[in-house]
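Please read them with the sequence and the structure open.

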Amino acid sequence: MTWLLASDALLSGDGDALLLHPALTAYRGELASRKRQWFDCSDKNPLGWYAALCDTDPAALLAEKCASEKHTFLPENTRQCWVASPYHALLGRDSVRVMPEDALDWCAVDARWLCDTLNPLLEEEGMCLHALDSALLLTCEQVMDASPVPFAAIAGHLLPNRHPEGADGGRLMRLLSEIQMSLHGKHAGHRMGQPDIHGLWLWGACAWPNSASTSFPSVATRNPFLQAVSDGRNACCIISEAEKLHDLLTGNAMLPKIIVLSGASRAVLLTKSILPRFGKPKWIPASLKSESILCSILHGAIQITQ
């Protein structure tokens, strides 16, 4: 593999210090010994990172896949598309906490069930939910002017209780509330023993028609939404949640020379050094560079090996 990117590997700690995801404990020593470059990055899940590397919107990647030869079910009057991420929530006294994305078991059967359950409601709004393998795409006949935060910003955190920016921010939140009410008390028979689905979060919107750039090479992943876009064949790099890395790093295979750990609005590029670090590691961001520079570095690493 040319490089590896773990999308939720950095967690907020005390002050400026960050913590490594517990799933990376087995790699802690090698990660700590490497040279570091820090970047200021928005929170992204695997699909969000892949879209950033393709320089397009996440929904555009799914919509383009849907409109390909094998998937021709996008309505002709579609003017906007959204990524629709399902979630299970934990209710508090005054808040709603969303389960982390990698903790929710999700498959194609779940996606089709959710489409069948919600489309009668959505059709009244000129919308339709589509299942692309395990991924979900919402198509709209009218454009909604709203900019909700990416799903990565709420997964594992509190559900926002304020309207997103945009003239239709209130309309979007009312729609999400109606979806929550529609799912209340509904139990999918095939999900016995698994968490119920309490809602959808819409994010990563794009105008349609839209020609997404998918020239970026195939990647290995266990994220169901990214798998719908990139099948992993002849993959040259890994984009994954930290919890699922052990499924992608087989046996005693060495870690790639280039590793990116992201999370908590930061990313760190780890490369092998002639003089490795020693002592107790402290993951404190310093000399932050821009996200665009990091994407350029990862693009360049792939071009060198091709």
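1. A polar contact, as the term is used here, is a pair of N or O atoms within 3.5 Å; within protein, one must be able to donate a hydrogen and the other to accept it. The structure is a predicted model. With that cut-off in mind, look at H88: its side chain reaches the backbone oxygen of D196 at 2.8 Å.

2. Where does H88 lie? It is in the loop between β5 and β6 (89-91). Apart from neighbours within four places in sequence, the residues in contact with H88 are R97, V98, M99, L104, P195, D196 and H198.

3. To check one of them in the viewer, take W82: its bridge partner in β9 is L138.

4. Where does α4 bend? The bend, of about 40°, is at T117, and a proline, P120, follows within four residues. As for length, the 16 residues of α4 should span 22 Å at 1.5 Å a residue; the end C-alpha atoms are 21 Å apart, which agrees.

5. Helix α5 (residues 169-183) passes the same check on length: its 15 residues should span 21 Å at 1.5 Å a residue, and its end C-alpha atoms are 21 Å apart. Just after α5, G185 takes a positive phi of about 80°.

6. Which residues of α5 are buried? They are G169, G170, L172, M173, L175, L176, I179, S182 and L183. An α-helix has 3.6 residues a turn, so residues three or four places apart point the same way. What covers the buried residues of α5 includes α4 (108-123) and the strands β5 (80-87), β8 (127-132) and β10 (199-207).

7. R162 is in the loop between β9 and α5. Is it buried or exposed? Its relative accessibility is 65%, so R162 counts as exposed. R162 and M173 are 11 residues apart in sequence, and their C-alpha atoms are 8.3 Å apart in space. M173, in contrast, is one of the buried residues of α5.

8. S7 is in the loop between β1 (3-6) and β2 (10-12). With a relative accessible area of 6%, S7 is buried. What is in contact with S7, leaving aside its neighbours within four places in sequence? The residues are K44, N45, P46, W49, S240, E241, S262 and G263.

Terms used:
Residues are numbered from 1 along each chain as its sequence is written. This is a predicted model: local features need pLDDT of at least 70, side-chain atom pairs count only at pLDDT 80 or more; totals for chains, interfaces and linings use all residues. Side-chain values use heavy atoms; hydrogens and water are left out. Helices (H or I, at least four residues) and strands (E, at least two) are DSSP runs, numbered from the N terminus. Buried means under 20% relative accessible area, exposed over 50%, partly exposed in between (1.4 Å probe, protein chains only). Contact means heavy atoms within 4.5 Å. The expected span of a helix is 1.5 Å times one less than its number of residues. Two strands pair if DSSP finds at least two bridges between them. The bend at a residue is the angle between axes fitted to the seven residues ending there and the seven starting there.
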